[in-house]
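Student: Could we go through this one together, starting with how the helices pack and then turning to the charged pairs?

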Amino acid sequence: MAPSRRSLRGLDWFAFFVADVQTGFGPFVSVYLTAEKWTQVDIGLVLSVAGVVSLVGQIPAGRLLDAARSERLVAAVAVGLISSSAIAYAGWPIFPIVLAAACLHAAASCLLGPAIAAISLGLVGPREVGERFGRNARFQSIGAGLSAAVMGAVGYFLEPRAVFLVTAALLIPTWTALRFIEPREIDPEQAHGASPREPQDHPPVRFRSLVTKPLIVFGCAILLFHLANAAMLPLMGSVLTKRSSEWATVLIAACLVGPQLVVALCSPWAGRQAQRLGRRPILLAGLAALPIRGVLFATVSDPYLLVAVQLLDGITATVFSVMVPLTIADLTRGTGRFNLTLGLVGTMMGVGASLSPTLAGYITDTFGSSTAFFTLAAIALVGLTVVALLMPETRPREQEPLNQDVRG
């Protein structure tokens, strides 16, 4: 059964408001806790513990979603938990409460992203899910950009605590958008990567059988990508501050907003092209933009040109917001383990992203920022080579004739 327009629009707005809710955390946590006279050691400890929870929670969250019969319910509970953690931040800024709230937010976030992907797959099916993932990325990008501006203004004109109260209040429109998605239109088997609308006469495949060569290659490439990518913007921010301290804040804001615009404009197009051309060409394009960006960061000295170079991050973000869940949907088709595998790859992302700042910081302190950028570019080039030489095309064969008719 084709999903209704109501359900598709509900998913659009749910992705938008989820991005709004998540934006209330991140940098705003450090600002708020600093205003509450917290030490940097305590702030760092809270953020580090939350990072560990986010890392180890990916695979259990995937297993839970694969076992769930209602992805909408899981998503609703996750949003409620995140809003509760925002209230805890605002109401009781003491160490044990904030630590518990940070862990609760991290655990709920492990569920929320995969739940959106599962709802999308359950609604539209594997044949149309590429463009659907692109629409999700578009609305999430728009939501993140707008909410960052709004929450920044709220924190400036009112007080940092108000950011978390706004985040908690966003629970209402987020739940409202979720209610527009008709539960009967979400195929639970399809949402798990199994056959649609057919009761499974056998349990989902064992986890061990999921670990195939294409998945290993893809996971390693994703790990290398995040190892190279996670530190680039923070490192470039430090370079901008040294070269143009007066305009550093404005330039860094432009570096954040510019790629979001690229993602909002290009994500659905990338999803359509992945259906028409296959996964490999789009994946290679996204990977290729990263080493180019690293080399340009190492060689360009003008602060305003560095902002322009940062637009390449929009290309990589566009590709990976679509290609990660889409490729995993291909690799897990018929297994009933889509969400578990998504959690596995999410863990590999987290490992790469966690190691990246430490690696880049050490190289910068020892050899300088240019060497650090060249090193990150080399790591990205290794990831590109791994995909180019070892990663097969994952688009199902039965989709190929249809893709000739899909509009580019």
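Student: At roughly what angle do helix 12 and helix 18 cross?

Tutor: This is a predicted model, where local features need pLDDT of at least 70, side-chain atom pairs count only at pLDDT 80 or more, and totals for chains, interfaces and linings use all residues. Residues are numbered from 1 along each chain as its sequence is written, and side-chain values use heavy atoms, with hydrogens and water left out. Helices here are DSSP runs (H or I, at least four residues), numbered from the N terminus, and axes are lines fitted to C-alpha atoms over the stretch in contact, with angles from 0 to 180 degrees between N-to-C directions. The axes of helix 12 (residues 213–229) and helix 18 (residues 338–367) come within 7 Å, and they cross at roughly 30°.

Student: Roughly parallel or roughly antiparallel, then, for helix 12 and helix 18?

Tutor: Angles under 35 degrees count as roughly parallel and those over 145 as roughly antiparallel. Helix 12 and helix 18 are therefore roughly parallel.

Student: How many nonpolar residues are in the contact of helix 12 with helix 18?

Tutor: Contact means heavy atoms within 4.5 Å. Helix 12 brings residues including F218, I222 and L223, and they meet a set in helix 18 with M348, V351 and L355 among them. Sorting the residues of this contact gives no charged, five polar and 15 nonpolar.

Student: On to charges: which residue pairs with E36 in a salt bridge?

Tutor: A salt bridge needs a side-chain nitrogen of Lys or Arg within 4 Å of a carboxyl oxygen of Asp or Glu, and the whole structure has nine. For E36, the N to O distance is 3.4 Å, and the partner is R161. E36 sits in the loop between helix 2 and helix 3 and R161 in helix 8, so the pair ties together parts 125 residues apart in sequence. The partner asked for is R161.

Student: Is E189 buried or exposed?

Tutor: Buried means under 20% relative accessible area, exposed over 50%, partly exposed in between (1.4 Å probe, protein chains only). E189 forms a salt bridge with R69 at 2.8 Å, and R69 counts as exposed at 51%. E189 has 9% relative accessibility, so the label is buried.

Student: How many residues apart in sequence are the parts that R279 and D330 tie together?

Tutor: Their side chains meet in a salt bridge at 2.6 Å, N to O, and R279 and D330 are both buried. R279 lies in helix 15 and D330 in helix 17, so the parts tied together are apart in sequence by 51 residues.

Notes. Helices (H or I, at least four residues) and strands (E, at least two) are DSSP runs, numbered from the N terminus. Angles under 35 degrees count as roughly parallel, over 145 as roughly antiparallel, 65 to 115 as roughly perpendicular and the rest as oblique. Ala, Val, Leu, Ile, Met, Phe, Trp, Tyr, Cys and Pro count as nonpolar, Asp, Glu, Lys and Arg as charged, and the others, Gly among them, as polar.
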